Amino acid sequence: MKDVQLPLVTIVLLSLFACRGGGDPSALKLVQEQRSGDYTVRLLSETGTIKQGSSGYTLEFLNKADNQLADVGAVEVAPVMDMPGMGPMMGAAEVKATSTPGRYEVRGNLSMGGLWKMDVRFGAGQKARFTVNAE
């Protein structure tokens, strides 16, 4: 029985790592980059684009002094689409810190394709804004 348990545990663990959000950080492609105070904020995704509908992407915060990832504490993302003649449309975004300080996974929902402004708030009142075209 013990001979079967080890391969089974290995398969389960590999499956969990393969299915987790964000995947391999080295496989992510840069969507946009903004500078804010002492940080460079990078928006990354698996395809180099942001998708319409429910999708995930990654935010990285690099200290400008040494270009290394830096923990910035709590991060909030507020996606907004301007709608001519109407009020703005709000998107959804849930941010979770990863095990790598300075890297955050975002699960969001941009309900329409088109131009979205993504306001990112972090640290002690710092912010960055990305303007992305959801495809």
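Reader: How many bridges pair strand 5 and strand 9, and in which sense?
Author: This is a predicted model. In it, strand 5 (residues 75-81) and strand 9 (residues 114-122) are joined by six bridges, in the antiparallel sense.

Reader: Which residue is the bridge partner of Ala-78 in strand 9?
Author: Asp-119 is the partner of Ala-78 there.

Reader: What about strand 6, how many bridges join it to strand 5?
Author: Two bridges, and strands 5 and 6 run antiparallel. Val-80 is the residue opposite Met-90 of strand 6.

Reader: What order do the strands take in that sheet?
Author: The order is 6-5-9-10, an open sheet of four strands with antiparallel pairing. Strand 6 (89-90) and strand 10 (126-134) are the edge strands, each pairing on one side only.

Reader: What do strands of a sheet pair through?
Author: Backbone hydrogen bonds, and the pairing is either parallel or antiparallel.

Reader: Back to strand 5. How many of its residues are buried?
Author: Five of the seven, so strand 5 is mostly covered; buried here means under 20% relative accessible area.

Reader: What share of the contacts with a separation of 6 or more is between residues 24 or more positions apart?
Author: In this protein, 51% of them.

Key. Residues are numbered from 1 along each chain as its sequence is written. This is a predicted model: local features need pLDDT of at least 70, side-chain atom pairs count only at pLDDT 80 or more; totals for chains, interfaces and linings use all residues. Side-chain values use heavy atoms; hydrogens and water are left out. Two strands pair if DSSP finds at least two bridges between them. Buried means under 20% relative accessible area, exposed over 50%, partly exposed in between (1.4 Å probe, protein chains only). Contact means heavy atoms within 4.5 Å.
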